[in-house]
Amino acid sequence: MCTPKLISRKTFLKAGLALAASPLLRYSPAFADAAEVSEVAPGVFVHQGRYEVQSPENRGDMSNASFVVGSEGVAVIDTSGSEVMGEELREAIRAVTNKPIKYVINTHMHPDHVFGNAAFKQDNPTYVGHYKLARALGTRAESYITASKEMMGEKVFEGSEIILPTLGIKEPTTLDLGDRTLLLEPQPTAHTDNDLIITDSKTNTLFLGDLLFSVHIPTLDGSIKGWLALIDQLGQRKAARVVPGHGPKTMQLPEALDPEQRYLATVAADVRRLIAEGKTLSEATKTAGFSEKDAWKLFDQYHVRNVTAAFAELEWE
Ligand SMILES: [Zn+2]
């Protein structure tokens, strides 16, 4: 196992001071604003988001954002939840490499993964996502902007915008970064209807986006049946490591998926039983899945929404 190399603001500042002392090199103050990232495998960097909802203080820094550095260019995988966080991620990339940022990939539509896209416009990358991402983002754009502005505040949200993918992925597709490739695989409806997973060929690192939640309660915005079925398949994959959309920087299959599988299976079983007993949605939201309460962060913020989505899906089966 390679020990993740931590690159913190402090390290940048220290490096900056060392550079300032050198007569040939000048300290670049821009790096002081870089997001904290770790090199989890050679050329693979991950920034870990907080287990919080959007606020002026966290500036939408609530999801994991990654980048992969090849000999010819860089691919960004998710951009965090605001333009200012996207800028910090870009600074972290620039502290590591000057290679062109060729691709900005979004694993799905949620605001905490896409609102940093705008920070990369200056690089003129190809924006990449599941072929259903553009439609989903188009439909949700207005409500995402309104909600994010309200939660983070107008000033923090400034510069953030919805940028639609210019490359939609309908079948497994390979992107070339030089000495390594990324395999992009669109998934059937599960966490959302536009989940995309990415494998780095060189290190066999698998980026699962929000198909994998750890610590942070899963959020259901697609199909609970589809998600449970997909978890069975994903658990059979062989990867050196997986990067969750929320959770630690890396985890191991198949056990990484266990808590999420247990949560979704519990919600589905409870909701099915309550429907069979003739209970209403409002009754279900008071009991279904509450045995999971202590197992997750942000349970109070998302659980009732998950039960509501599961109920709407399962009452018609
Ligand atoms: Zn997310």
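1. His-246 is buried, as its relative accessible area is 3%, where buried means under 20% relative accessible area, exposed over 50% and partly exposed in between, with a 1.4 Å probe and protein chains only. The model is a predicted one, in which local features need pLDDT of at least 70 and side-chain atom pairs count only at pLDDT 80 or more, while totals for chains, interfaces and linings use all residues. Residues are numbered from 1 along each chain as its sequence is written, and side-chain values use heavy atoms, with hydrogens and water left out.

2. The zinc ion is coordinated at 2.0 to 2.7 Å by Asp-112 (OD), His-113 (NE2), Asp-210 (OD) and His-246 (NE2); donors are N, O and S atoms within 2.8 Å of the metal (3.2 Å for Na, K and Ca), and because water is not among the atoms, sites may look incomplete. Along the chain, these donors follow the spacing D-H-x96-D-x35-H. Asp-210 belongs to strand S12 (residues 205–213) and His-246 to strand S13 (residues 241–246), so the pair ties together parts 36 residues apart in sequence; strands (E, at least two residues) and helices (H or I, at least four) are DSSP runs, numbered from the N terminus. Asp-210 also counts as buried, at 1% relative accessibility.

3. Phe-290 is found in the loop between helix H8 (281–287) and helix H9 (299–314), and its relative accessibility of 31% makes it partly exposed. Leaving aside residues up to four places away in sequence, Phe-290 touches Thr-285, Phe-299 and His-303, contact meaning heavy atoms within 4.5 Å.
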